[in-house]
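Here are a few exercises to work through with the model open beside you. Try each task before you read the solution.

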Amino acid sequence: VEHVKPFTPEKAKEIIMSLQQPAIFCNMVFDWPARYWNAKYLSEVLHGKRIRFRMGMKSTNTVPQFETTCSYVEATLEEFLTWNCDQSSNSGPFRDYDHSKFWAYADYKYFVSLFEDKTDIFQDVKWSDFGFPGRNGHESTLWIGSLGAHTPCHLDSYGCNLVFQVQGRKRWHLFPPEDTPFLYPTRIPYEESSVFSKINVVNPDLKHFPQFQKAQRHMVTLNPGQEASPAVDIRHRHIRFTGPGKEWEEGTRLLLLVLFVPRHWWHYVESIDPVTVSINSWIELEEDHLARVEEAITRMLVCALKTAENPQNTRAWLNPTEVEETSHEVNCCYLNAAVSAFFDRCRTSKVVEIQALRTDGDHMKKEELNVCDHMEVGQNLTTGIGKPEAASPFGPDLVPVAQRSEEPPSERGGMFESDGKDFVDKDGEHFGKLRYAKRQQIMSNSENAIEEEIVSNITTVPSQTFISTDDLLDCLVNPQVTRIVAQLLIQRRSL
């Protein structure tokens, strides 16, 4: 039987570039060789290669397990599988870690480093099917974890994310960009392109972080369609999608799933099976040019203040993914380069736009516009530009990740588990519409979060309060603040 993918590359890219809520692509990767990349297969491909595992505690603490608080082990995948699956008491590099108390995570493993001498394997991943020609494993990252392994809640400063679940189940907790004030963002530990939340979203401390109760949690559990041989019938799975006036039932092929995470959506990801394998790729976006300026500002301020506070202990605040803190001079150069790159991009975009206008016979003097006249200070401080309502792209092969208010779902079977409210939100609104008006209202409401928290806690404030460097940085490099500073810098340079 010949199987046809539900979206052309062009249509898939159009969806990715316009959709503002997480969604699951179905039936798009059934012919990818990477669908057979379980941990056992990868251990054979990477035979003897030592990779770094992050070791964390299986605990119910309300404090997030940031990477700065974890231990690290250099081991092969064979040694990991022995420790994880056989639970051997003598499991080499993992011998100091009781399997019942610890999890292990080989996270952020870039293909170019992992398979440096096996580059042919890059072709097993074909992001070109989603409208990005030539994009394959070279631009991808591998994640291998044990039960309980997780990534603390954070948002990515750059791009959007496509995630292919290959083996085992992972549960995703997602929060929209407008919920940023309710997630208590912090840049400590510091990692370029990652804004962390102070909250352990699966066990929140609501006494210290009361505004989190207002956050809109979206959840989905991704489960690969199959992990067996190519002989498995890929037509055996079905999905039911129900919404006002729409219903799709039997007959939908559903094998392997790719999760789309839009720009600036917060996410906490946890492995809920003994072994999980995922592949992802971060897709660059036009907004990244401004984001790089914001990140350069953040890096300069964090490095300056934290290095001044304690020059000998950078590991306490610098994420292990960052090689080292850089000097103030280097950070100044980085900021200037980011601003220059932004202007270069503006000029390039302007030329293209002018040429298009001339081609269309439009005689408006677009050339006279300032290269940054599309920017306004204070515009869209917590999220990207909203788009007007559009026809629903959703259906049997593109399923939205809906909001949920109840407790996390049971670990039942199925290709994926989502809201269970038939993709209708708590106000009865169908998720098939992009909720521009409602989103703007939520954004407006969230701007009052800090003020409300001060008022609600005023009676508990001690007479003397110690303000730490981290407290100051949480304000100085808050995403809302760095967006304003970046816009002001660019406007001043463009005068």
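A polar contact is a pair of N or O atoms within 3.5 Å; within protein, one must be able to donate a hydrogen and the other to accept it, and residues adjacent in sequence count only if both atoms are side-chain atoms. Before you start: this is a predicted model, where local features need pLDDT of at least 70 and side-chain atom pairs count only at pLDDT 80 or more, while totals for chains, interfaces and linings use all residues. Residues are numbered from 1 along each chain as its sequence is written, and side-chain values use heavy atoms, with hydrogens and water left out.

**Exercise 1. Asp205**

Find out what the side chain of Asp205 reaches at 3.2 Å, and which side chain it joins in a polar contact of 2.6 Å.

Solution. Start with the place: Asp205 sits in the loop between β10 (194–197) and β11 (218–222). Strands (E, at least two residues) and helices (H or I, at least four) are DSSP runs, numbered from the N terminus. Last, the charge: Asp205 is buried without a salt bridge, and the nearest side chain of opposite charge, Lys207, is 7.3 Å away. Buried means under 20% relative accessible area, exposed over 50%, and partly exposed in between (1.4 Å probe, protein chains only). A salt bridge needs a side-chain nitrogen of Lys or Arg within 4 Å of a carboxyl oxygen of Asp or Glu. For charge, Lys and Arg count as positive and Asp and Glu as negative, with His and the chain ends not counted.

**Exercise 2. Strand β8**

Work out why β8 is largely enclosed by the rest of the structure, and which strand it joins through 6 bridges.

Solution. Count first: 6 of the 6 residues of β8 (residues 170–175) are buried, so the strand is largely enclosed. Then sort the sides. In a regular strand the side chains alternate between the two faces of the sheet. Here Lys170, Trp172 and Leu174 point one way, Arg171, His173 and Phe175 point the other way, and all are buried. Now the neighbours (two strands pair if DSSP finds at least two bridges between them).

**Exercise 3. Cysteines**

How many disulfides does the whole structure have?

Solution. The search finds 0 disulfides, taking a disulfide as a pair of cysteine sulfur atoms within 2.5 Å. Check Cys333: its closest cysteine sulfur, in Cys332, is 7.0 Å away, too far for a bond. Cys333 is exposed, at 54% relative accessible area.
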